[in-house]
Each structure stands twice: as C-alpha cells, then as structure tokens.
Amino acid sequence: MSDTLVLTRAELGALVEPAAILQALRAGFIARSGLVGARERRFPVALPAAAPVGAGAMLLAPGFVPGIPAYSVKVHAKFPGSDPAIKGVIILHAIDDGRVLAILESTWLTALRTGFSGALGADVLARRDASTVAIIGAGQQGRLQLECLKSVRDLAAVRVFDLDADKAIAFARSEGQRLGLRIEASASLEQVLAQADIVVTSTWAKTPFLFPGMLRAGTHVTTLGPDEPGKAELSAELISASRFVADDRELALAMGAIGNVGLGEEAIAAELGEVLAGQKPGRTGSDEITVFGAVGLPFQDLAAAWLAYCEAERRGIGRRITLLD
C-alpha cells in the first residue's frame, strides 16, 4: 500500500524552479494545441461550480497532460475578502490506477502557474524591445506576474496602480527591493499607462476600465481578472481593435475576457498553444496592440504539481500519510 505525500505552501515554495515550470507550461500548451480530442478530455464539470456562501467561485478542475503519468483534480474556492483569496488543494493521482500520490496546497501553485502562463503570453506577444511595465492590481497575482515576467524579459521600469493607494505604495516598496527593480506607485490609470510597453491587469473588476485610446501603439496587455462570468477589464471596443490570443477559446467565450463583454469567437485570433507551436502568428506588427487573455487551464495545475511532486520525492520534502488505513 503506497503512502500519499502532503506538501504545504511553504514547502512548495522551495520546490519549483522558474526555468522548469516555464518549460513544462510551454510544452503543455504546445501539446494541447495538437492533441486530437483535447476538448473532449475535459471532465463534465461545470466551471465554476456553485459557490458556498461568501465565496466568489468554487472550482473543480481536473487536469491531463500527455507524457505525465498522473492526473490532477483541484478543488478550491475564491473568497475576495480574504488574504489569500483562493484556498484549496490539488490532488495528484497516478494515471494507471488512480492512487493518490500527493495532496498539495493550491493557492501558491495556482498563482505560480498563472504567473508563468502570463509571462509566456507576454514573451511571445510583446515587442522584443518592450521593457516598461504597468501592473494594475497590487495583489499576489500582480507580484507573481511581475516576478515571472522578469524571468523572461529585461525590465527597465515598472509602475503599479491599485484602487487602494496604500497597497500600490507597499507593492512598489517591497517588490522593488525584492526583485531589484525601479518601481513607482501611480496615482491614476492614466499615469500608470503613460509609458507602458506591457500592461498586466489582475483585478476583481466587473466592468471594463481599459478603452481604446488609453494605450500606446504597440502595447501588449495580459488580462487575468476575467476568469469567471461577470468579470471584465478590457472593453469590447479595445479587444476588437487588438490582436487577442486566448489560453482557451471556449473558456474565453464562456467565462473570460471575450464572452464577458459580449464578443464572439471572431474576436479571438489564436490560442497561446497555437502561437507557441508556430501554427498561428502572434504579433504581426510593431504598432499592433496585442492581448493575452487567460482564464486558467487545469493542465497547468498538473504541470506545476507534477514538477513539485517529483522534486519533493527527490529531496525528501513533505510528510506522508496513508489514506486507506
């Protein structure tokens, strides 16, 4: 009878190397773009599921990646008034017999894989000379997006804006010191966008706040807030005037940046996996505004969890329990 490995948030923080997760996510997106029946492999679970009282959403997300001998099921809920807002677990199962290999805290891994997915999208869509970043939303995901972006691009300057000005000031101070970057807190959207080459939005917004004319020509935007019905950050007009790349077409329409502002599939130029695989172009001109809209995909949880599990096994980190006693 095999044991189950339990990994806490603190333990996970020491297990996943940036280069490894970037490679795993890139490979997963590419594999998914060419996988026959990829859509049919989704389990019949409505996302998001009905949420408990007080929660913004509850997710029940199964993940599969070709080449990884495991599948994952993530169960977590979003409580916007809490810190962290997302709480839950990722359960890693052996693909041959379903035994539970590991139970991993989901908050940190979810934020990390989202951060690196955003970095992948920005890296293939932003201009090669893009070096000035605007972060809108000074929360945990804003921090990780900046950290992950720094791992793929040389950044010259960063501005941050949040409706809570104190949070933006604290972000600029702490992240500037931690990441060795020059970060300024901005007092307005106009100020944070003024010189931005790359814009990252990670908010709880339910109405768009970015419109045509607010961005410079050639800007790239990564929008992460719209990950459930009713959330929006970019207006329909701005998206329609941009080259929009989704992590998943169907989810972008059902609960992401496209469907939430009333647009249809014609607004989606490509999926990220198609761009990474060379099947469709990313940016097509230096003055083009590009957008990467990420809802978040279950295979990303599996890719991150599998890396953490293998490294924990190698290094002897975590504790073991037996579930079948």
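**A residue and its setting**

Visitor: Which residues does H93 touch, leaving out those up to four places away in sequence?

Guide: H93 touches P69, A70, Y71, V73, G98, R99, V100 and L101. The model is predicted, and a contact here means heavy atoms within 4.5 Å. H93 itself sits in strand β4, residues 86–94.

Visitor: Why does H93 count as buried?

Guide: Its relative accessibility is 13%. Buried means under 20%. The value falls below the cut-off, so H93 counts as buried.

Visitor: What is the pLDDT of the chain, on the mean?

Guide: The mean is 90, and 91% of the residues reach 70 or more. Over residues 36–45, however, the pLDDT is below 50. Beyond near neighbours in sequence, that stretch has 14 contacts in the model.

**The open sheet**

Visitor: In what order do the eight strands of the open sheet stand?

Guide: The order is β8-β7-β6-β9-β10-β13-β11-β12, with parallel pairing.

Visitor: What makes β8 and β12 stand at the edges?

Guide: Each has a single partner strand, so one side of β8 (183–185) and one side of β12 (268–271) lack a neighbour in the sheet. Neighbouring strands here are turned by 20° against each other on average, ignoring direction.

Visitor: How do you know that β11 and β12 pair?

Guide: Count the bridges. Pairing needs at least two. Strand β11 (residues 243–246) has three bridges to β12, running parallel, so the two strands pair. F244 stands opposite I268 of β12.

Visitor: Which helix packs on the sheet, touching β6, β7 and β8?

Guide: That is helix α5, residues 165–179. Its direction makes about 170° with that of β8.

Visitor: What lies across β6, β7, β8, β9 and β10?

Guide: Helix α4, residues 140–150, lies across these strands and runs at about 160° to β6.

Visitor: How many bridges join β13 to β10, and how many join β13 to β11?

Guide: Four bridges join β10 to β13, in parallel. Four also join β11 to β13, again in parallel. At least two are needed, so each counts as a pair. T223 has G293 of β13 as its bridge partner, while R243 stands opposite T290 of β13.

Visitor: What makes both faces of strand β13 covered?

Guide: In β13 (residues 290–293), T290 and F292 lie on one side, V291 and G293 on the other, and all are buried.

**Strand β1**

Visitor: In which sense does β1 pair with β14?

Guide: The sense is antiparallel, over three bridges, with β14 covering residues 319–321. V6 has R319 as its bridge partner there. With strand β5 (residues 100–105), β1 has three bridges and runs parallel. L7 stands opposite L104 in β5.

Visitor: Which way do the residues of β1 point?

Guide: T4 and V6 point one way, L5 and L7 the other, and all are buried.

**Salt bridges**

Visitor: Why is the R32 and E271 pair called a salt bridge?

Guide: The closest N and O atoms are 3.8 Å apart. The cut-off is within 4 Å, so the pair qualifies. R32 lies in helix α2 (residues 18–33) and E271 in strand β12, 239 residues apart.

Visitor: Are R32 and E271 buried or exposed?

Guide: R32 is at 15% relative accessibility and E271 at 4%. Buried means under 20%, so both count as buried.

Visitor: What parts does the K74 and D301 salt bridge tie together?

Guide: The N to O distance is 3.1 Å, and the side chains meet in a salt bridge. K74 lies in strand β3 (residues 70–78) and D301 in helix α10 (residues 298–315), so the pair ties together parts 227 residues apart in sequence. Both K74 and D301 are buried.

Visitor: How do E311 and R315 count by relative accessibility?

Guide: Their side chains meet in a salt bridge at 3.5 Å, N to O. Both residues lie in helix α10, four residues apart, about one turn of the helix. E311, at 18%, counts as buried. R315, at 40%, counts as partly exposed, since that label covers values between 20% and 50%. Elsewhere, salt bridges that share partners join R32, D248, R249, E265, E271, E274 and K280 into one network.

Visitor: What does the count of salt bridges come to?

Guide: By this rule it comes to 24.

Methods: Residues numbered from 1 in each chain as written. Predicted model: local features only at pLDDT ≥ 70, side-chain atom pairs only at ≥ 80, totals over all residues. Heavy atoms only, no water. Axes fitted to C-alpha atoms, helices over the stretch in contact; angles between N-to-C directions. Buried < 20%, exposed > 50% of the residue type's maximum accessible area, 1.4 Å probe, protein only. pLDDT = per-residue confidence, 0-100.
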